[in-house]
Amino acid sequence: MNVKVEQLRVSKLRDYLIEVVKKIENNSKINVDALPKDTNSYSLDKIPTSSIVKIWINGWEIHRDVFSFRSRRNYSFSEINNLLNIGFFEKFEQIIYKNNKNNILPDIQGIEEIKCLNCGTLNSAETGTAQFDIQIQITYLIN
């Protein structure tokens, strides 16, 4: 299989999410399946799910990919710090929603929608840092 990385859906979604994150904070690096220990780092991880959503008799199909967008952030018992952490994901979700309404989507063939399946939540906490994640789904048409 000779597929270029830049042609993969995950690469195109990553490029799109880099632009979303840039609107919230000055960061442009998103890893794939690897969340560094550094704060304000990100990873896009594929979640195994059934990919077929709908099949028509004419051969057209709607498929989906589900991802976890993870972030490592500063964490403490400071109310302000933790409000800012959740606020990041609130802004992230708002940008995705607004982009969807304005048809600003990842450059993926047949894409119909990108959406956040939940709000960003605390996944695990360590001394000084915490891991947050939000699940994202893209749906796309195959004919």
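## Helix H1

Ser11, Leu13, Tyr16, Leu17, Ile18, Val20, Val21 and Ile24 are buried in H1. Buried means under 20% relative accessible area, exposed over 50%, and partly exposed in between, with a 1.4 Å probe and protein chains only. Helices (H or I, at least four residues) and strands (E, at least two) are DSSP runs, numbered from the N terminus.

The buried residues of H1 pack against strands S2 (41-47), S4 (61-74), S5 (111-116) and S7, and against H2. Contact here means heavy atoms within 4.5 Å. H1 covers residues 9-24, and its 16 residues should span 22 Å at 1.5 Å a residue. The expected span is 1.5 Å times one less than the number of residues. The end C-alpha atoms lie 23 Å apart, which agrees.

## Model and numbering

This is a predicted model: local features need pLDDT of at least 70, side-chain atom pairs count only at pLDDT 80 or more, and totals for chains, interfaces and linings use all residues. Residues are numbered from 1 along each chain as its sequence is written, and side-chain values use heavy atoms, with hydrogens and water left out.

## Salt bridges

The structure holds seven salt bridges. Each is a side-chain nitrogen of Lys or Arg within 4 Å of a carboxyl oxygen of Asp or Glu. Glu25 and Arg73 meet in one of them, at 3.2 Å from N to O. This pair links distant parts of the chain, 48 residues apart: Glu25 sits in the loop between H1 and strand S1 (31-32), Arg73 in strand S4. Both residues, Glu25 and Arg73, are buried.

Glu126 pairs with Lys37, the closest N and O atoms being 3.7 Å apart. These two are 89 residues apart: Glu126 is in the loop between strand S6 (121-125) and S7, Lys37 in the loop between S1 and S2. Glu126 is partly exposed at 40% relative accessible area. Lys37 is exposed at 58%. Salt bridges with shared partners also join Arg9, Lys46 and Asp65 into one network.

Arg14 bridges to Asp15, with the closest N and O atoms 3.8 Å apart. Arg14 is partly exposed at 25% relative accessibility. Asp15 is partly exposed at 43%.

## Gln131 in strand S7

Gln131 lies in strand S7 (residues 129-142). Gln131 has a relative accessible area of 10%, so it is buried. Leaving out residues up to four places away in sequence, Gln131 touches Leu35, Arg70, Ser71, Arg72, Thr121, Leu122, Asn123 and Ser124.
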